[in-house]
Amino acid sequence: MDQIKIGKFIAERRRAVGLTQAQLAEKLNITDRAVSKWETGRAMPDSSLMLDLCGVLKITVNDLLNGEEINMENNNQKNEELLLAMAKELEQKNKTIWTTMWAIMIVSMIALFAGLFVAAFLIPEGPWQLVAILCICVVFLIPCFYALKLEVSVGAYKCKNCGNEIVPTYKEALNAMHRGTTRYLKCPKCNQRTWCKKVIKR
């Protein structure tokens with residue numbers, strides 16, 4: 001989706017219906033700064049506001065997402081183009097999140113081993129060494145929890161028995177045994193627990 005084009009279209013339609021940014025914001029119960037961000041392409045309207053926004057601007061959601069008014073003849077083609085663009089955008093976002101997750105894990109592991117090395121060889125044996133090791137391990141866990149949140153947020157886990165794709169809650173993923181990004185989960189379709197491999201494309 002072209003946010004700049006959509007922003008210009010919102011501004012054009014707002015002026016066409018005779019509203020200022022402040023008046024449009026008031027109708028949607030938001031700030032005029034939010035409207036300004038939309039119109040300059042720095043942000044997109046929240047999905048919960050799209051229907052109300054389209055109602056005020058007298059356009060369809062399809063028009064809004066395409067950044068132009070769509071006539072019926074071109075509607076199907078534009079819908080297909082929009083769906084493809086959204087799918088590519090989602091795929092790219094998922095890849096970015098996945099890369100970020102692995103970067104966090106790798107950096108955390110390096111920091112953990114470096115910290116343990118320092119604690120083992122540079123801090124004299126005794127209570128302070130133990131405290132240092134415990135602190136390093138606790139600090140290591142914080143990015144691990146965040147990395148798991150990123151892992152759960154993209155794609156799904158594929159059931160080995162029936163092929164069903166499972167999207168567990170964060171708590172379910174946290175409590176499940178795992179080997180890398182493969183987790184031991186209960187499939188709601190076949191009702192069996194099995195090792196479910198992470199798949200990014202859904």
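## Salt bridges and strand pairs in a predicted model

Glu 69 and Arg 13 form a salt bridge, with their closest N and O atoms 3.8 Å apart. This pair links distant parts of the chain: Glu 69 sits in the loop between α5 and α6, Arg 13 in helix α1, 56 residues apart. Salt bridge here means a side-chain nitrogen of Lys or Arg within 4 Å of a carboxyl oxygen of Asp or Glu. Helices (H or I, at least four residues) and strands (E, at least two) are DSSP runs, numbered from the N terminus.

This is a predicted model, in which local features need pLDDT of at least 70 and side-chain atom pairs count only at pLDDT 80 or more, while totals for chains, interfaces and linings use all residues. Residues are numbered from 1 along each chain as its sequence is written, and side-chain values use heavy atoms, with hydrogens and water left out.

The structure holds four salt bridges. Among them are these:

| Pair | N to O distance |
|---|---|
| Glu 69 and Arg 13 | 3.8 Å |
| Glu 68 and Lys 5 | 3.1 Å |
| Glu 151 and Arg 183 | 3.1 Å |

Glu 68 lies in the loop between α5 (61-66) and α6, and its partner Lys 5 in helix α1 (residues 3-16), 63 residues apart. Accessibility is given in three classes: buried (under 20% relative accessible area), exposed (over 50%) and partly exposed (in between), with a 1.4 Å probe and protein chains only. Glu 68, at 25%, counts as partly exposed, and Lys 5 is partly exposed at 35%. Arg 13 has 14% relative accessibility, so Arg 13 counts as buried.

Glu 151 is buried at 4%, and Arg 183 is buried at 5%.

Strand β4 also takes part in pairing, which requires that DSSP finds at least two bridges between two strands. Strand β3 (residues 178-179) pairs with β4 in the antiparallel sense over two bridges; Arg 179 has Thr 182 as its bridge partner in β4. Two residues stand between the strands of this hairpin, where Gly 180 takes a positive phi near 65°. β4 pairs with strand β5 (residues 193-199) as well, in the antiparallel sense over four bridges. Here Lys 186 has Arg 193 as its bridge partner in β5. The hairpin of β4 and β5 has six residues between the strands, and Asn 191 takes a positive phi near 60°.
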